[in-house]
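Opening the notebook on this one.

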Amino acid sequence: MIDAEKIRSDFPALSQKVYGKPLVYLDNAATTHKPKAVLEKILEYYTTMNSNIHRGVHYLSEKAGSAYADARQTVKEFIHAASLNEIIFTGGTTGSINLLADAFGRTFVGEGDEIIITEMEHHSNIIPWQVLAKRKNAVLRFIPLNKENRLSIDTLSELINDNTKLISLCHVSDALGVINPVHEVIRQAHERGIPVLIDAAQSVPHFPVDVQKLDCDFLAFSGHKLYAETGIGILYAKEKYLKKMSPYQTGGGMISRVSLDETVYAELPYKFEAGTPNIAGAISLAAAIDYVNRTGMEKIALHEAEIYDYMFTQLRQIEGLTIYAGTGPNCGGLSFNLEGIHPSDAAMVFDKMGIAVRSGTHCADPVMDHLKVSGTIRASIALYTTRKEIDILVKGIKKVQDLFR
């Protein structure tokens, strides 16, 4: 197990007060705070190597380019990709999925073809496929949620057919904290030769993810949910697909040669990284990965499982509180509502107590439609979350109930 109290000293933002009260930050599914090791690495980039890469031969450019290349290697090893060519830097999970929907869709999806996603998805894993389906006159199908607010995986065999070109689903639901049986989805898909995209935005920060063991064809995640800065993300893709797909964007950096008549694209992975990349973001992501590796992803997973179980147990005992995830497997976020209290009203009161939670639909309107609610309150944990913070949340919930009663 890790010592969360000791780890908190690595995160400057956690020591501040909100409205005169110690900050209790339980909005980690939205974004995490950054350790000093990451902040220092960002400052180091801008003060000692700030320069564009892939273009200059001077000292700063070479130094920045080397750090950027090292960051790609760090990501490759972190998710156990087979090749550096399979690691594409993007702006985040949203950028990764949009890249794939465009590039994969143009190459592999035609009129009448089908894509399967789930009713549990974040909007960023729904809208790109809706846009693609309309553009290609393709069909979008959905794995439904059941009464336990989990995926009805038994329906997948009925949804898959000869027209299915891709299955895309979240590893962990951002709205519910539910861990999905992605291994089973991948197994069924590959039996029919269908590739699978995993939205790992809510899984990569919480437990080890090995793309080769999963055998997923594509995987996307964001740096800012993994203690790095915003505006950086990863698309992992098997090289056999990247070689066939056309570039998502064009411009500098993704070309080998340009004439007035034609353009020769660069080799992988640069073919999918047009323009000046988020160099500092990539370096910050590598620093964040180094940080969690030093802490130990297995230890982080064990600590968070203990904190999540404690939170679930404590909240379940509160009368007038509804939890939507049910019993495991869950991780990260826990969504709930208080009887007779709008989630946004509750969240604003929590804020005055120094408790940061998220309220609303969590960019998952279909999930809210399934739950028949306008929104929920979500408390989400990270490696620095402590039992003491959960106790403060429980006290806060009871105060909110008393106030509105």
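Predicted model: local features only at pLDDT ≥ 70, side-chain atom pairs only at ≥ 80, totals over all residues.

**Entry 1**

I started with N149, which counts as buried because its relative accessibility is 10%, under the 20% cut-off. N149 sits in the loop between β6 (139–143) and α6 (156–159). I looked up its phi and got a positive value of about 60 degrees, although N149 is not a glycine. That made me stop, since most residues other than glycine have a negative phi.

**Entry 1: another positive phi**

H80 went on the list too, with phi near 65 degrees, again positive in a residue other than glycine. I found H80 in the loop between α3 (59–79) and β4 (87–90).

**Entry 2: a cis peptide**

I checked omega as well. The peptide bond joining L268 and P269 is cis, with omega at about 5 degrees. P269 belongs to the loop between β12 (263–265) and α10.

I then listed the contacts of I167, leaving aside neighbours within four places in sequence. I got I116, L156, I160, V185, A189, I194, P195, V196 and L197.

**Entry 3: α10 against α11**

I looked at how α10 and α11 pack: the angle is about 75 degrees and the axes are 6 Å apart. α10 and α11 are therefore roughly perpendicular to each other, as angles from 65 to 115 degrees count that way. On the α10 side the contact is made by V292, N293 and T295, and on the α11 side by M297, K299 and I300.

Then α11 by itself. Helix α11 (residues 297–316) has 20 residues, and I get 28 Å from its first C-alpha to its last, close to the 28 Å expected at 1.5 Å a residue. Its buried residues are M297, I300, H303, E304, I307, Y308, Y310, M311, F312 and L315.

The axes of α4 (residues 93–108) and α5 (residues 127–136) come within 9 Å and cross at roughly 20 degrees. That is under 35 degrees, so I put α4 and α5 down as roughly parallel to each other. The crossing is right-handed. I97, N98, L100, A101, D102, G105 and R106 in α4 meet P128, W129, L132, R135 and K136 in α5.

How accessible is W129? It is buried, with a relative accessible area of 0%. Not counting residues up to four places away in sequence, W129 touches I97, L100, A101, I115, I117, L140, L166, S168 and L197. I97, L100 and A101 come from the α4 side. I also took a distance to S66, 63 residues from W129 along the chain: their C-alpha atoms are separated by 36 Å.

Note on methods:
Residues numbered from 1 in each chain as written. Heavy atoms only, no water. Helix = DSSP H or I, 4+ residues; strand = E, 2+ residues; numbered from the N terminus. Expected span 1.5 Å × (residues − 1). Buried < 20%, exposed > 50% of the residue type's maximum accessible area, 1.4 Å probe, protein only. Contact = heavy atoms within 4.5 Å. Axes fitted to C-alpha atoms, helices over the stretch in contact; angles between N-to-C directions. Parallel < 35°, antiparallel > 145°, perpendicular 65-115°, else oblique. Left-handed = near helix turned anticlockwise from the far one by under 90°.
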